[in-house]
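Please walk me through this structure in the viewer. I would like to know what to select at each stop and what is there.

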Amino acid sequence: CGFILKILPLNGGGLGGGVDSGGRRGTVQRRQRAAIEMITGLRPGRILDAGSGGEAIGRALKEGGFSVFPIDLFEAPFLKETFVRADMNRPLPFAANVFDYVLCSETLQYLDSHALVFKEFERVLKKNGQIILSTPNVLSANSRFYFFQRGWFPHFKPFRTVDENKGWDMAVYNPISLVEIIGYMKKNGFEMRALKASRLKA
């Protein structure tokens, strides 16, 4: 099995988090485009959209010939016939060896059990399947300096005013580094096929 990974910047808004001059909608759209770019060129097959959120990615995948199975805890996308509402901190509600791909875009940082989710990705993938990930880069110099000053990474403040009426307010902020991702992947028998970065900075 292989995995393709894209590291997105944390600082200054943009793809990795926060609101830049284009506003939150623009930031979300750029994240979605980054995820779609990683899929471009892959042979269509059954894909688990893990942490699907909105409909843009699922729609693009379906138009590209993929059979899309979105899973999310809070939002139901437009693919309601295959959508599964589930908590990714628990075992995934799918049989083993059923997907050609797992796409996990901007989701890992909201999960509190990274070891379990990577183990589950390996379980549901077919032999020679692929995982496509995108996640904020917490190892950049800017991000590390921010952590040194405050004790948490940009956009991942560990304590918040909780509003029980907003599902996302209950999310666990648990950013994961490239080093940790590679460790989990190797432990579960994956090898890196590609590593991409957007707006690469020190």
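How many aromatic pairs does the structure hold? There are seven of them, where rings of Phe, Tyr and Trp (its six-membered ring) pair if their centres lie within 6.5 Å, and planes under 30 degrees apart count as stacked, over 60 as edge-to-face and the rest as tilted.

Before selecting anything, note that this is a predicted model, in which local features need pLDDT of at least 70, side-chain atom pairs count only at pLDDT 80 or more, and totals for chains, interfaces and linings use all residues. Residues are numbered from 1 along each chain as its sequence is written, and side-chain values use heavy atoms, with hydrogens and water left out.

**Stop 1: a ring pair**

Select Phe-66 and Tyr-101. Their rings form an edge-to-face pair, 5.8 Å centre to centre with 70° between the planes. Phe-66 lies in the loop between α2 (56–63) and β3 (67–72), and Tyr-101 in strand β5 (residues 99–105), so the pair ties together parts that are 35 residues apart in sequence. Helices (H or I, at least four residues) and strands (E, at least two) are DSSP runs, numbered from the N terminus. Phe-66 is buried at 8% relative accessibility, and Tyr-101 is buried at 5%; buried means under 20% relative accessible area, exposed over 50%, and partly exposed in between (1.4 Å probe, protein chains only).

**Stop 2: strand β3**

Now select β3. Five of its six residues are buried, so β3 is largely enclosed by the rest of the structure. Strand β2 (residues 46–50) runs parallel to β3 and is joined to it by five bridges; two strands pair if DSSP finds at least two bridges between them. Arg-46 stands opposite Ser-67 in β3. Strand β4 (residues 84–85) also runs parallel to β3, with two bridges between them, and Ile-71 stands opposite Val-84 in β4.

**Stop 3: other rings**

Select Phe-69, Phe-94 and Phe-99, which ring pairs link into a cluster. Then move to Tyr-146 and Arg-150. The charged end of Arg-150 sits over the ring of Tyr-146, 3.9 Å from its centre; this requires NZ of Lys or CZ of Arg within 6 Å of the ring centre and within 35 degrees of the ring normal.

**Stop 4: the whole chain**

Finally, select the chain. Its secondary structure comes to five helices and seven strands, in the order β-α-β-α-β-β-β-α-β-α-α-β along the sequence. Of its 202 residues, 48% count as buried.
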